[in-house]
Amino acid sequence: MSAATGSGLPEARGAARLLDIRDLHVTYATGEGGLPAVRGVDLTVERGQIVGVAGESGCGKSTLASTILRLQPPSATVTGQVLFDGSDILTMRWGALRAVRWAGASIVFQGALHSLNPVHRIGRQIAEPIETHLPSLSESRRTARVGELLEQVGLDPDRARSYPHQLSGGQKQRVMIAMALACDPHLVVADEPTTALDVMVQAQVLGVLSDLVRDREVGMLMISHDLSVLADLCDKITVMYAGRVVESGPAKQVFAGPLHPYAGALSAAFPRVGDPAARFAPAGLPGDPPDPRNLTQGCSFAPRCARAAEECLPAEPPLETYDDGRQAACVRIDRTHRSSSGVETPSVETHRSSSGVETPSVEPVENPGETP
Amino acid sequence: MTAELSAEGVRVEFTTRSGRVARALDGADLVVRGGEVLALVGESGSGKTTLARTLVGLTTPAAGEVRWKGETLGRSARSLKALRRDVQLVLQDPLGALNPRHTVYDSVAEGLRIHKLVTKTGPSETERVAAALSAAGLRPPEALFLRYPHELSGGQRQRVLIAGALALQPSLLIADEPVSSLDASIRGEILALILKLREELGLGVLVVTHDLGLAWNIADRIAVMYLGRIVEAGPTEEVLTAPQHPYTQALLSVVPEMDRLEPIVLHGEIPDPTRIPAGCRFHPRCPALASGEADAVAHLCRGTALPILPSDPEGHRSACHLVAQRVSTPLDHRGAPLDHRGAPLDHRGEGTP
């Protein structure tokens, strides 16, 4: 689809980062005053890279996703910069923004199972953005393109004639991905793309996504509450809590040896099958996420944190840089232990077997003593 | 009689609009005993929710029977009512399962009122509701009495549902995807609650889920379903560290972060239950058959149906021609039968009653 790449985007490829979010703040206006959903987030995505954003409901990750394409509700006040190929999406003229949406960057929303129009055939729904952004394409070329897209996500091209209700959940999710790819975007934002799916279908969809990034050099921002899925797929993971980044770094390291206690809790929530430490020991995090309107002074995670101490209370901890490009915002991280390999993680003792890279032996374990 | 709920050869059929018969459950044997946590796992469409509904009498089996404490479950409203007090179902999607116009108090008290469990001599309704809420980890319970579901967090709603079940002092809990709609941080809390209820009240729990990590976290035993039948069952440690059935092996290999396993991604989805494949129902998607590993038994896989896997609360069993052939070969049994990744298969428990 050579035509799609030249769709009037500011051509600064190669020079600028694909996506560079700088000090982004998003505040929703509510009846009871401002609700800060995103508070100073910095994030970058390069071409051919998958970046994961993890956090629980209300941490601001979906607000972040929609702000990237300026899809935030009108009640939101946004400051900071969202640089896409070097130009700021937040201040872009309407025409340029329209060109970026779909053709430059596209988004796969969560709850995709309900995002398709039930009364149109899926082929027509996939063709719609192509029609808008490449009006010069003939109808037969467009139909061929739809077939090609369906094949790319592992569906039969004949499926173009189906209605959404004739498809299973996994198939609908693939249609959503095909649609996001319709105009050959350079960036795909995927908000919980596999949350409602079974493990096997999830594996199929994740396979489609990672092939895509590898083969076509697109960048992807993937949002999920499941750190184990992100660890499998992503190059980098950013963990958000109460609108801020509390940890970021290489995916495997963040999952296996998290620095921030909150990242530790997320990581331990999904046990490694076969890890004796997780047997009959589900790891949870007591308490509820904070109300963004009434954030406590100091570290916003402190009320739920097992390691909270006096020093957490005066001010919100800054995001500090550690080895290997890792960052974490916690004053309780023992700085003497911050070597690249054996990071003494704050949450290790309660959760996962330290740097986690050592998997529980390769052979099926006999589990002495655990089975009668 | 111990609190034991069992299904024997249960079949459930639905007729589709086009008149074809979908065999949602095609012969399933399962036993849940008091004090144990049993995980029933499988993909959507495997029949796991239908089996759970049949066990509490919400779906009537076309054949086979459900027994509770040794007695066959009748169809009469009276026998069902007794079962439904003793065996409580906790539904998935707490927001959908709670009546939005009922307060927490009313939602929890509803079961008590239906079953007329509040007597003049015993504890009052308020006391029983409060006790159930605190048992579900909602403290202080009085603070929640007058709240509505939309005022609660996802984790609190799930706890209210569990409290509604606990209010009836059941001996068995059936939880359908208890944490799939919850945040990662709350997930562990709810699972810990289930374990605590088992510990403190001696409850038996059947957890229906597609999440093998959850099973590893809390289940004593696990039963894997595929297309209306249980294809493998046994102690969780054995099934998840030495799976026998190629379907279980595939499911396990795609759990995220299982980097010690080469992912076996099956193509397509569970077939239409109106057209269950002949022979082994898994054979069209079976990686062992496709790779040629099962060549010796390929004719059986394609042509000979497997018997229903009998429920066996102690052993590890699987319904697979390939596994059966390996076990019947003495050399393989003592030696090291290899699965198709070259790892030794553990056959302990196979065939032991």
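Mentor: Start with a definition: two residues are in contact if their C-beta atoms, placed from the backbone, lie within 7 Å. Keep in mind that this is a predicted model.

Trainee: By class, how many nonpolar, polar and charged residues has the contact of α4(B) with α5(B)?

Mentor: Ala, Val, Leu and Tyr are among the residues that count as nonpolar, while Glu and Arg count as charged. Sorted in this way, the contact of α4(B) with α5(B) has seven nonpolar, no polar and two charged residues.

Trainee: Are α4(B) and α5(B) roughly parallel or roughly perpendicular to each other?

Mentor: Two packed helices are described by the angle between their axes and the distance between the axes. Here helix α4 (residues 104-114) and helix α5 (residues 125-135) of chain B have axes that come within 10 Å and cross at roughly 110°. Angles of 65 to 115 degrees count as roughly perpendicular. Therefore α4(B) and α5(B) are roughly perpendicular.

Trainee: Now chain A. At what angle do the axes of α4 and α5 of chain A cross?

Mentor: Take helix α4 (residues 122-133) and helix α5 (residues 139-152) of chain A. α4(A) passes α5(A) in a right-handed crossing. Their axes come within 10 Å, and the crossing angle is roughly 115°.

Trainee: Which residues of α4(A) and α5(A) make the contact, and how do they divide by class?

Mentor: α4(A) brings A:G123, A:I126, A:A127, A:I130 and A:E131. α5(A) brings A:R142, A:R145, A:V146 and A:L149. Gly counts as polar. By class, the residues of this contact are five nonpolar, one polar and three charged.

Trainee: Which helix gives the most to the side of chain A that touches chain B?

Mentor: The contact between the chains takes 44 residues from chain A and 41 residues from chain B. On the chain A side, α7 (199-216), α8 (227-233) and α10 (261-269) each supply at least two residues. By class, that side has 23 nonpolar, twelve polar and nine charged residues. The helix that gives the most, with six residues, is α7(A).

Trainee: What radius of gyration does chain B have?

Mentor: Chain B holds 14 helices and eleven strands, and its C-alpha trace spans about 70 × 45 × 40 Å along the principal axes. For 353 residues, a compact globule would have a radius of gyration near 20 Å. The value for chain B agrees with this: 21 Å.

Trainee: What percentage of the residues of chain A is buried?

Mentor: Chain A has ten helices and twelve strands. A residue is buried if 20 or more other C-beta atoms lie within 10 Å of its own. Of the 372 residues in chain A, the buried ones make up 48%.

Trainee: Is A:W102 buried or exposed?

Mentor: A:W102 lies in the loop between α3 (94-100) and β6 (105-108) of chain A. Its phi is positive, about 70°, although A:W102 is not a glycine. There are 24 other C-beta atoms within 10 Å, so A:W102 is buried.

Trainee: How does A:D324 count, buried or partly exposed?

Mentor: A:D324 is in the loop between β11 (320-321) and β12 (327-328) of chain A. A:D324 is not a glycine, yet has a positive phi of about 60°. With 13 C-beta neighbours inside 10 Å, A:D324 counts as partly exposed.

Trainee: Which residues is A:P36 in contact with, leaving aside its neighbours within four places in sequence?

Mentor: A:P36 has its place in strand β2 (residues 33-45) of chain A. With 18 other C-beta atoms within 10 Å, A:P36 is partly exposed. Its contacts, with those neighbours left aside, are A:T27, A:G243 and A:P292.

Trainee: Where is B:P140, and what is omega for the bond that joins B:R139 and B:P140?

Mentor: B:P140 lies in the loop between α5 and α6 (154-166) of chain B. The peptide bond that joins B:R139 and B:P140 is cis, with omega of about -5°.

Terms used
Residues are numbered from 1 along each chain as its sequence is written. Chains are lettered from A and ligands numbered from 1 in the order in which they are written. This is a predicted model: local features need pLDDT of at least 70, side-chain atom pairs count only at pLDDT 80 or more; totals for chains, interfaces and linings use all residues. Axes are lines fitted to C-alpha atoms, for helices over the stretch in contact, and angles run from 0 to 180 degrees between N-to-C directions. Helices (H or I, at least four residues) and strands (E, at least two) are DSSP runs, numbered from the N terminus. Angles under 35 degrees count as roughly parallel, over 145 as roughly antiparallel, 65 to 115 as roughly perpendicular and the rest as oblique. The radius of gyration is taken over C-alpha atoms; the globule rule is 2.2 Å times the number of residues to the power 0.38. A residue is buried if 20 or more other C-beta atoms lie within 10 Å of its own, exposed if 12 or fewer, and partly exposed in between; C-beta atoms are placed from the backbone. A crossing is left-handed if the near helix is turned anticlockwise from the far one by less than a right angle, and right-handed if clockwise.
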